[in-house]
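Keep the sequence and the 3D view at hand while reading.

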Amino acid sequence: MKKLTALVLALVMCFGLAACGSTPAPSSTPASEPASQPEATNENFVDPVNGWGVYDDLIDQIRTETDLAKRAELMHQAEDILMETGAILPLYFYTDIYLQQDYLTNVYWTPFGYKYFMFAELGNGADTLHAYLASEPD
């Protein structure tokens with residue numbers, strides 16, 4: 001029964017792969033005519049391949065701006081440009097390496113590296129928790 005099931009699954013996968021492959025339909029535009037560029041949906045549109053000049057100019061303006069309210073407004077405009085293009089950009093990244101014994105439970109931490117030991121419980125019978133909080137413990 002297992003061999004029959006394996007054979008049927010292999011045939012289904014083969015037919016599935018054959019169904020996925022196809023030849024592309026011929027283009028209706030002549031080869032000499034360039035492909036049309038996507039139209040801008042709003043004023044924040046940036047061509048994800050070639051059009052980062054607007055974004056770069058905005059970032060340069062943000063760097064030199066001293067008025068915090070104006071700077072925040074410019075940063076929102078830059079964020080809108082990124083969101084419009086679908087670009088993924090990590091704005092914050094934090095890595096906190098620490099070691100924790102298996103018998104220590106109910107310790108909570110945040111992505112910013114804050115640790116909460118208020119509800120910590122020691123499963124080894126000890127009544128003292130020794131914590132060495134450093135970026136890279138020996």
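Start with the exposed side. Asp57, Arg63 and Thr64 are exposed, and they sit on the face of α2 turned away from its buried side. Keep in mind that this is a predicted model.

## Buried face of α2

Which residues of α2 are buried? They are Tyr55, Leu58 and Ile62. Viewed down the axis of α2, these buried residues fall within an arc of 60 degrees, so they line one face of the helix. An α-helix has 3.6 residues a turn, so residues three or four places apart point the same way.

What covers this buried side? The cover over the buried residues of α2 includes α3, residues 68-85.

## Length of α2

Helix α2 runs over residues 53-64, which makes 12 residues. From first C-alpha to last, α2 reaches 17 Å. That is close to the 16 Å expected at 1.5 Å a residue.

## The whole chain

Now step back from α2. The protein chain holds 3 helices and 4 strands. Along the sequence, the order is α-α-α-β-β-β-β.

The protein chain has 138 residues, and 9% of them count as buried. Among contacts in the protein chain with a separation of 6 or more, 28% join residues 24 or more positions apart.

Notes
Residues are numbered from 1 along each chain as its sequence is written. This is a predicted model: local features need pLDDT of at least 70, side-chain atom pairs count only at pLDDT 80 or more; totals for chains, interfaces and linings use all residues. Side-chain values use heavy atoms; hydrogens and water are left out. Helices (H or I, at least four residues) and strands (E, at least two) are DSSP runs, numbered from the N terminus. The expected span of a helix is 1.5 Å times one less than its number of residues. Buried means under 20% relative accessible area, exposed over 50%, partly exposed in between (1.4 Å probe, protein chains only). The arc is that of the directions from the helix axis to the C-beta atoms. Contact means heavy atoms within 4.5 Å.
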